[in-house]
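Q: I would like to learn how to read a structure of this kind, feature by feature. Where do we start?

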Amino acid sequence: MTWADAVLFAARGLVRRRSRAVLTLVAVALAAALLTALMMITETGRSRVLDQLSRGGPLAGIRVDAAVDDAEVDRVVNLPDVAAVVPIATTRLLVTADGAAVAAGKGAGEDQAVPAVPGGTDLEGIVGVDFRQADNLPITVLAGRLPEAQTATEVVVDQRWLERRGVAEGEEAGVVGSEVMLGAVREGAGGRHDPLAVRWTRAIVVGAVAQEAAPGGVLAPLPVVLDARAWTGGGEGATYEGLFVVARGLNQVDEARQQLAGLGLPSEAPENLIASVLRYLHVVELVLASIGAIALVIAALGIANALLAAVRERRREIGVLKAIGARDRDVRRIFLLEAVALGLGGGLAGTVLGWAIARGVGAVVNDYLSAQGLAGVTVALPMAVLSGGILGSAVLALLAGTVPAVRAARLPARDAMGEG
Amino acid sequence: MEVRNLSHRYETSDRPLVVLDGLSFSIPPGGYVALTGASGAGKSTLLSILGGLEPPQSGHVHVGGHDLHALGGDELAAYRRSTVGFVFQHFGLLDTLTASENVEVALALAGARAGARRRRARELLAAVGLADRAAHRPGALSGGERQRVAIARALANRSRLVLADEPTGNLDERAATQVLDLLEQLPAERGCTFVVVTHDRTVAGRAPSRLHLAEGRFSTP
């Protein structure tokens, strides 16, 4: 018997027991819908949590707090599990923010309201980074923007620095456009600062950020910090005070740290926190997936039950098929095809239904988030869930159909004779 | 067909039930034999062994060059496909298929292509007087028509042995006569051996040769 003939037989068998087939199909569809919806909702929640976590920088970020030069940077760049390296230079400068500043491009004394940083002069830690690689750094812009990479007159200020100066959370935008003076103090004999040898640079605060790249209240383009450090006489030895390294993925963070240790570079990474969160998410995923899977297994048992009933009812028909020459494998094939048809049909319908349910839940959640002033979520149907819903149902149905199919194939051909 | 010392028994909870006890007989090609006996005499068992529905437990059964004792599962299936045609009391038609498709099933199992199957089914249904009923399902056919479809199916693969188990048992007198007329033409027209199991004296009386089974042995009725 060819596959085409077997398909015809299977289809006719299902159509003849239409009510039972439809009920079985509905059971599979509901189970697949539950599984799909739960998986989609879980995946959406996971994406949302990871998105929130990644606002503190790349999830696979590693901080190297050690003095390094360009040659060592090159060695780190070439490590197998490292995706990106951002050198970080730091120095300490006098920062004057007395409120008498001017906005960028505006002359002093012009009749215009100018935002101001509360006054005072501090010796402040300045962090120099290459802002072209800002995406690879744990920097979140709270207000304004980041400086241009090559400019010497733009800086951003850190949230904690603003807090120290009395700028409340949520008012960071008020300092954008203000002016600060950065004073590089040349070191005198014995490493003491020479208060008479200060080189002042005017800079515009173009943004306020929250950052974990390095300790420091002001972030400036890398050349600004290197130049200031050279002038103060602090440019001896290593070029950079640290690195921010991004591993190729969360699972490669450990390997990347080991490779860094091999180069003699100590490192720290927040991956333990992220790994813990991911573990919790994984547990939630497992629990929800298990609920869906249990439903699918129950549906598969329904398929097995329906097919076993069909085998009982069709004993004589199976016997007749054998009497006219069907082999055991022909009979087995027909019943397996019936099972797969139920699984595929139910899986397909269930996945569509599950997608609709997840979208509905997403809409309700978005309404709530919107009312809370929070960003909404996007409910997507991942390919793994789509294929898993349909193919998983079919495979489970195939497994469920195996026992009835084998039982049907083993029925004696003599059953064709009936009871007489 | 050559049967020597054929015995068969079924295990019951009390004791083995002997249904065939050392039967020996032969039927020449093109022979027409009626097998009679009371219920439980072993007629259907003998028919199912001759038709390869179950293997003989002991003794020798040779049909058309096949030693049935030596055939395994797939070989018995092949024997049934190529050599035997069955006609059952309950017709044995698949009620989800049309009359034509019921005939085609036997051809499909023998590996015939779709076009050839349709042509052969049409030809056989015409031969049993059902050309205009080819597209009807069994539920839309009378008992006599169903049995004629079953006869067409039994002849689909040019079977050399046709085994009929109470073929008129569910038919009225007129339909039974039509069916018997059709079956009785087989040895002469198609050269096949025809064995009919019946406990209807009229049906048995039409066969040139009769074997009567009683308690697993041949006897005089």
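A: We start with surface. Accessible area is computed by the Shrake-Rupley method with a 1.4 Å probe. This is a predicted model, and chain A in it exposes about 19900 Å².

Q: What does the secondary structure of chain A come to, and what share of its contacts join residues at least 24 apart?

A: Chain A has ten helices and nine strands. Among its contacts between residues at least 6 apart in sequence, 83% join residues at least 24 apart.

Q: How is the size of an interface read, and how much area do chain B and chain A bury between them?

A: In general, the size of an interface is often given as the accessible area lost when the parts come together. Here chain B and chain A bury about 2300 Å² between them, with 60% of it on carbon and sulfur atoms. On the chain B side, His90(B), Leu94(B) and Leu109(B) lose the most area to chain A, together 24% of what that side buries.

Q: How many residues does the contact take from each chain?

A: The contact takes 28 residues from chain B and 23 residues from chain A.

Q: How many salt bridges and polar contacts cross the interface of chain B and chain A?

A: The rule finds four salt bridges across it, and eleven residue pairs in polar contact, both residues at pLDDT 80 or more. The elements of chain B that give two or more residues to the side touching chain A are H1, helix H2 (73-83) and helix H3 (99-109). H3(B) gives the largest share of that side, five residues. By class, the side of chain B that touches chain A has twelve nonpolar, six polar and ten charged residues.

Q: Let us take one of those helices. How many residues of helix H1 of chain B are buried?

A: A general idea first: an α-helix has 3.6 residues a turn, so residues three or four places apart point the same way. In H1(B), residues 43-50, eight of eight residues are buried. They are Lys43(B), Ser44(B), Thr45(B), Leu46(B), Leu47(B), Ser48(B), Ile49(B) and Leu50(B). Just after H1(B), Gly52(B) takes a positive phi of about 75°.

Q: Why does Thr45(B) count as buried?

A: The cut-off is under 20% relative accessible area. Thr45(B) has 5%, so this residue counts as buried. Thr45(B) lies in helix H1 of chain B. Leaving aside neighbours within four places in sequence, Thr45(B) is in contact with Arg414(A), His8(B), Tyr10(B), Val19(B), Leu20(B) and Glu54(B).

Q: Which residue does Arg414(A) meet in a salt bridge?

A: The side chain of Arg414(A) meets that of Glu54(B), at 2.4 Å from N to O. Both Arg414(A) and Glu54(B) are among the contacts of Thr45(B).

Q: How many salt bridges does the structure hold over all chains, and which residues are linked in a network?

A: Over all chains there are 26 salt bridges. Asp5(A), Glu104(B) and Arg117(B) are linked in a network of them.

Q: Which residue forms a salt bridge with Asp21(B)?

A: Arg217(B) does, with the closest N and O atoms 2.8 Å apart. This pair links distant parts of the chain: Arg217(B) is in strand E10 (residues 217-219) of chain B and Asp21(B) in strand E2 (residues 16-26) of chain B, 196 residues apart. Arg217(B) is partly exposed at 48% relative accessible area, and Asp21(B) is partly exposed at 27%.

Q: Is Glu145(B) buried or exposed?

A: Glu145(B) is buried, with a relative accessible area of 14%. Glu145(B) forms a salt bridge with Arg133(B), the closest N and O atoms being 3.2 Å apart. Arg133(B) is in the loop between helix H4 (114-127) and helix H5 (143-155) of chain B, and Glu145(B) is in helix H5.

Q: Finally, where is Met1(B) placed, and what does Met1(B) touch?

A: Met1(B) is in the segment before strand E1 (2-11) of chain B. Met1(B) is buried, with a relative accessible area of 15%. Not counting residues up to four places away in sequence, Met1(B) touches Phe25(B), Ser26(B), Ile27(B), Leu50(B), His62(B), Val63(B), Leu161(B) and Val195(B).

Conventions:
Residues are numbered from 1 along each chain as its sequence is written. Chains are lettered from A and ligands numbered from 1 in the order in which they are written. This is a predicted model: local features need pLDDT of at least 70, side-chain atom pairs count only at pLDDT 80 or more; totals for chains, interfaces and linings use all residues. Side-chain values use heavy atoms; hydrogens and water are left out. Helices (H or I, at least four residues) and strands (E, at least two) are DSSP runs, numbered from the N terminus. Contact means heavy atoms within 4.5 Å. Buried means under 20% relative accessible area, exposed over 50%, partly exposed in between (1.4 Å probe, protein chains only). Buried area is the accessible area (1.4 Å probe) that two parts lose on being put together, summed over both. A polar contact is a pair of N or O atoms within 3.5 Å; within protein, one must be able to donate a hydrogen and the other to accept it, and residues adjacent in sequence count only if both atoms are side-chain atoms. Ala, Val, Leu, Ile, Met, Phe, Trp, Tyr, Cys and Pro count as nonpolar, Asp, Glu, Lys and Arg as charged, and the others, Gly among them, as polar.
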